[in-house]
Amino acid sequence: MQAHDLPPDTPFASGTPRFATPAPDALQSWRQAYAAKGVACAADVGGEFAVALDLPGGGVYLAVDRFAVHSLCYAVHDGRLHYATRADVLARRLGIRDIDPQAVFNYLFHHCIPSPRTIYAGIQRLPPAHYARFENGQLTVAPYWTARFDELARPSFDALRDEFRGILRTAVKERLDGAGQTACFLSGGTDSSTVCGLLGEATGRAPASYSIGFEAEGYDEMAYARIAAKAFGAEHHEYYVTPADLVKAIPDVAAHYDQPFGNSSAVPAFYCASKARADGYTRMLAGDGGDELFGGNTRYAKERVFHVYSQIPSPLRAGVLHPLFMNPVTGSIPLLKKGTSYIRQARVPMPDRMQSYNLLDRLGLADVLTPAFLAAVDTDAPRQHQRATWAAGPHDASLVNQMLAFDWRYTLAENDLPKVVGTTAMAGVDVSFPLLDTRLLDFSLKLPTSYKLKGLKLRWFFKEALRGFLPDEILTKKKHGFGLPFGPWAVKDAALNALAAESLRGVVARGLVRADFVESLLTRRLKEHAGYYGEMVWILMMLEQWLRRHAPDYRLA
């Protein structure tokens with residue numbers, strides 16, 4: 001259900017919530033759940049959902065699922081709580097036009113705007129696994145669920161494998177479109193290949209799979225998608241995105257989101273969903289979530305290596321390692337440089353260490369942003385946001401599990417899921433995420449850490465549990481997804497380069513970014529390292545394209 005379909009502030013329940021006792025009327029089921037459990041009722045509800053309830057006495061209760069697959073924005077205005085599933089819809093309804101400079105900075109830092117902020121001053125977005133209650137003029141926003149890892153002391157691999165496969169099959173089967181018009185994304189990675197194979201099992205016929213390719217060296221992963229499609233007898237569809245496709249789609253994809261969004265995979269995801277919709281499919285299954293539940297991102301292994309440093313006795317660190325590596329003389333010796341770099345990064349506390357390569361920091365805030373913009377924002381706010389999230393996480397859990405819970409917020413809820421949900425909605429297709437099924441999430445909470453990261457082997461259990469089901473080539477491939485070769489194309493393609501250049505100069509005119517930085521970025525840096533600097537070009541371009549549609553007159557005051 002889209003926000004513009006909702007009458008203003010009307011109670012509703014969207015998504016596919018799963019109650020202990022299913023009922024045909026989801027809204028009535030929510031009312032019964034709230035009557036029984038109060039604000040904590042959402043903790044007993046599985047699935048993907050957003051709900052807004054009128055309460056006795058004139059109050060309002062809002063809640064979104066554990067990953068905020070379905071979104072809710074809200075604002076207290078004229079003594080009432082107003083809400084919508086999109087920030088721009090709510091802004092128009094309430095006549096709010098002010099753009100929040102801090103949200104703009106947060107976007108440049110994260111390439112998205114993490115909740116609870118939105119781009120609009122005075123409008124907030126409900127974070128994942130949170131509720132909001134407005135009663136007697138008072139607003140309360142708090143989590144209704146927090147992760148608790150309870151690792152099995154004596155796991156049985158065989159029993160866990162069978163349970164895991166059973167949950168996967170159920171999760172896919174329950175997400176089929178009633179009319180049988182369900183397809184799937186297929187990048188050729190472990191997750192999407194799993195969903196593709198299980199879709200075929202659930203329907204008893206060839207699964208319809210859709211893949212995106214790129215005619216660019218180092219970016220095209222179509223060969224793996226073909227391996228998976230062949231293994232599962234899929235009715236496979238391929239589309240190769242071109243620079244011309246980007247020029248055509250970028251303005252509309254940027255504007256479709258209710259606030260600036262900088263994940264470059266959104267454009268290929270849109271083309272993928274569009275091809276499925278043109279073929280008559282009304283629902284797609286996406287494979288997002290496997291890495292974040294079962295330990296598949298390379299930084300988990302990297303951070304485990306850094307964590308070793310904290311286990312070294314303090315006297316040894318201070319008396320031997322620091323004098324050897326942390327001084328101007330030995331720190332510049334080629335053989336010791338790696339050790340110096342390692343110690344410098346290892347000394348940064350979590351979660352700040354995960355931002356060691358943040359693009360905005362690497363380029364230099366004062367070199368990128370105007371003095372007026374820097375004066376209007378708190379440049380430490382994004383890190384404070386992440387520190388608070390980390391501090392609220394599961395302290396008694398292993399480092400790997402702490403990082404997983406952290407990524408449920410920043411990688412999934414704030415970035416990857418909005419990418420897929422937004423672009424499929426734009427294409428007119430519903431989407432669901434079997435690997436984020438609540439039962440699978442609960443299952444992952446009991447897995448031993450060593451089943452997720454075995455030494456430095458990523459997502460060990462997931463892969464071993466599906467050995468014999470997934471092709472060996474898929475199990476051993478490196479993670480990729482629908483990575484976009486924007487930078488190299490922006491250098492070579494005149495039309496794409498012109499769109500990027502004209503967009504970036506628009507951001508300069510708004511008083512946000514320094515003109516000299518943009519000119520060096522476009523004329524020199526992009527050519528020197530297209531892949532690296534192309535990311536900065538992309539996020540600035542998408543910001544400008546969004547502002548042109550939603551806030552064309554915005555200038556930094």
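## Cysteines

This is a predicted model, and searching the whole of it turns up zero disulfides.

## Aromatic rings

On to the rings: there are 29 aromatic pairs in the count. Take Phe-157 and Trp-460, whose ring centres are 5.7 Å apart with planes at 55°, so they make a tilted pair. Phe-157 belongs to helix H4 (residues 157-173) and Trp-460 to helix H20 (residues 460-465), so this contact ties together parts of the chain 303 residues apart in sequence.

That pair doesn't stand alone. Phe-157 and Trp-460 are part of a cluster linked by ring pairs, together with Phe-164, Phe-294, Phe-443, Tyr-451, Phe-461 and Phe-462.

## Charges over rings

One member of that cluster, Phe-462, also has a charge over its ring: the charged end of Arg-459 sits there, 4.2 Å from the centre. Elsewhere, Lys-477 lies over the face of Tyr-224, at 5.1 Å from the ring centre.

## Salt bridges

Side chains of opposite charge can pair when their charged atoms come close. Here the count comes to 36 salt bridges. In one of them, Glu-238 pairs with Arg-226, with the closest N and O atoms 2.7 Å apart. Glu-238 is in strand S11 (residues 235-241) and Arg-226 in helix H6 (residues 222-231), so the bridge ties together parts 12 residues apart in sequence. Both partners count as partly exposed, Glu-238 at 36% relative accessibility and Arg-226 at 41%.

Arg-505 and Glu-519 make another bridge, their closest N and O atoms 3.0 Å apart. Since Arg-505 lies in helix H23 (residues 494-509) and Glu-519 in helix H24 (residues 515-528), this one ties together parts 14 residues apart in sequence. Arg-505 is partly exposed at 40%, as is Glu-519 at 32%. Then there's Glu-464 with Arg-467, at 2.8 Å between the closest N and O atoms. Finally, a network of salt bridges links Glu-48, Glu-174, Arg-175, Asp-437 and Arg-439.

How values were computed
Residues are numbered from 1 along each chain as its sequence is written. This is a predicted model: local features need pLDDT of at least 70, side-chain atom pairs count only at pLDDT 80 or more; totals for chains, interfaces and linings use all residues. Side-chain values use heavy atoms; hydrogens and water are left out. A disulfide is a pair of cysteine sulfur atoms within 2.5 Å. Rings of Phe, Tyr and Trp (its six-membered ring) pair if their centres lie within 6.5 Å; planes under 30 degrees apart count as stacked, over 60 as edge-to-face and the rest as tilted. Helices (H or I, at least four residues) and strands (E, at least two) are DSSP runs, numbered from the N terminus. A charge sits over a ring if NZ of Lys or CZ of Arg is within 6 Å of the ring centre and within 35 degrees of the ring normal. A salt bridge is a side-chain nitrogen of Lys or Arg within 4 Å of a carboxyl oxygen of Asp or Glu. Buried means under 20% relative accessible area, exposed over 50%, partly exposed in between (1.4 Å probe, protein chains only).
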